[in-house]
Amino acid sequence: MEDPRVEKCLSAKRETKSVEFKQELQPGDPAQFLEILKDIIAIANSGGGTLAIGLDNSGNPSGKDVAGVLSYDHAKYCDLIRKYTNQNYCDFELVEARKNGWQLALFLINPPDFPLVFEKPGTYAVGKDQRTAFGGWPIRPDFGRVGLLTFTDNWPRPLTTARRPSPPKAGERW
């Protein structure tokens with residue numbers, strides 16, 4: 001029996017929280033690889049879904065060759081996730097599908113047990129410039145991660161964690 005996420009992805013006409021389209025991916029291109037990694041983590045953290053390589057923004061085949069994506073070692077995708085998140089997350093499959101006769105590569109992504117957080121930034125060179133696909137959370141020795149994200153009008157905003165006061169000395173009140 002086919003995974004229901006495959007049919008949902010192939011029938012989609014636009015991207016959603018759980019369905020993302022990319023026209024192509026060259027596994028040897030660091031820029032494309034980091035952008036795809038960002039999408040895999042976002043979909044995983046949003047409850048899982050499908051990342052389709054070989055579809056344009058309307059869900060139509062782009063005509064790009066996806067054979068390199070399908071033949072790329074699954075463990076290398078997992079290694080890349082571990083490199084930037086320091087977490088062992090490999091709970092996704094890479095499957096072949098077809099739409100209108102065109103070959104597609106579909107990442108079927110399951111939700112992680114714990115949210116995946118980028119621990120270091122994913123940067124790549126574009127000519128003489130440097131671009132950032134995603135940032136990392138700075139780690140502070142006194143609190144761990146800087147804070148949590150809140151959904152406010154100025155989102156994302158890190159919440160700082162205040163230290164708990166020391167217990168009162170003998171004879172003092174809180």
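Asp39 is buried, with a relative accessible area of 11%; buried means under 20%, exposed over 50%, and partly exposed in between, using a 1.4 Å probe and protein chains only. This is a predicted model, in which local features need pLDDT of at least 70 and side-chain atom pairs count only at pLDDT 80 or more, while totals for chains, interfaces and linings use all residues. Residues are numbered from 1 along each chain as its sequence is written, and side-chain values use heavy atoms, with hydrogens and water left out.

Asp39 forms a salt bridge with Lys22, with 3.2 Å between the closest N and O atoms. A salt bridge here is a side-chain nitrogen of Lys or Arg within 4 Å of a carboxyl oxygen of Asp or Glu. Asp39 lies in helix 2 and Lys22 in strand 1, so this pair ties together parts that are 17 residues apart in sequence. Helices (H or I, at least four residues) and strands (E, at least two) are DSSP runs, numbered from the N terminus.

Lys22 is partly exposed at 24% relative accessibility, and a salt bridge also joins Lys22 to Glu20, at 3.6 Å. Glu20 sits in strand 1 (residues 19-22) and is buried, at 17%. Beyond four places in sequence, the contacts of Glu20 (heavy atoms within 4.5 Å) include Asp39, Ile43 and Leu51.

The count of salt bridges comes to six. One of them pairs Glu96 with Arg98, at 3.7 Å; Glu96 is partly exposed at 47%, and Arg98 is partly exposed at 48%.

## The disulfide

The structure holds one disulfide, a pair of cysteine sulfur atoms within 2.5 Å. The disulfide joins Cys78 to Cys90, with 2.2 Å from S to S. Cys78 lies in helix 4 (residues 74-85) and Cys90 in the loop between helix 4 and strand 3 (92-99), so the bond ties together parts that are twelve residues apart in sequence. Cys78 is buried at 3%, whereas Cys90 is partly exposed at 36%.

## Nonpolar cores

A nonpolar core is a set of buried Ala, Val, Leu, Ile, Met, Phe, Trp, Tyr and Cys residues joined through side-chain atoms within 4.5 Å. In soluble globular proteins, nonpolar side chains tend to be buried together. The largest core here has 29 residues, and those with the most contacts inside it are Leu37, Leu51, Ile53, Phe92, Phe107 and Ile109. At least two residues each come from helix 2 (30-45), strand 2 (49-53), helix 4, strand 4 (102-109) and strand 6 (129-134). Helix 2 gives the most, with nine residues.

Leaving aside neighbours within four places in sequence, Ile53 is in contact with residues including Lys22, Ile36, Val69 and Phe107. Another core, of twelve residues, lies apart from the largest one and has Val6, Cys9, Leu10 and Leu106 among its members. Cys9 is buried, at 0%.

## Thr85 in helix 4

Thr85 belongs to helix 4 and is buried, with a relative accessible area of 1%. A polar atom of the Thr85 side chain lies 2.7 Å from the backbone oxygen of Ile81. Not counting residues up to four places away in sequence, Thr85 touches Ile41, Val117, Phe118 and Glu119.

## Confidence

The mean pLDDT (the predictor's confidence in each residue, from 0 to 100) is 83, and 78% of residues reach 70 or more. Over residues 139-162 pLDDT stays under 50, and the model has 34 contacts beyond four places in sequence for them.

Notes:
A polar contact is a pair of N or O atoms within 3.5 Å; within protein, one must be able to donate a hydrogen and the other to accept it, and residues adjacent in sequence count only if both atoms are side-chain atoms.
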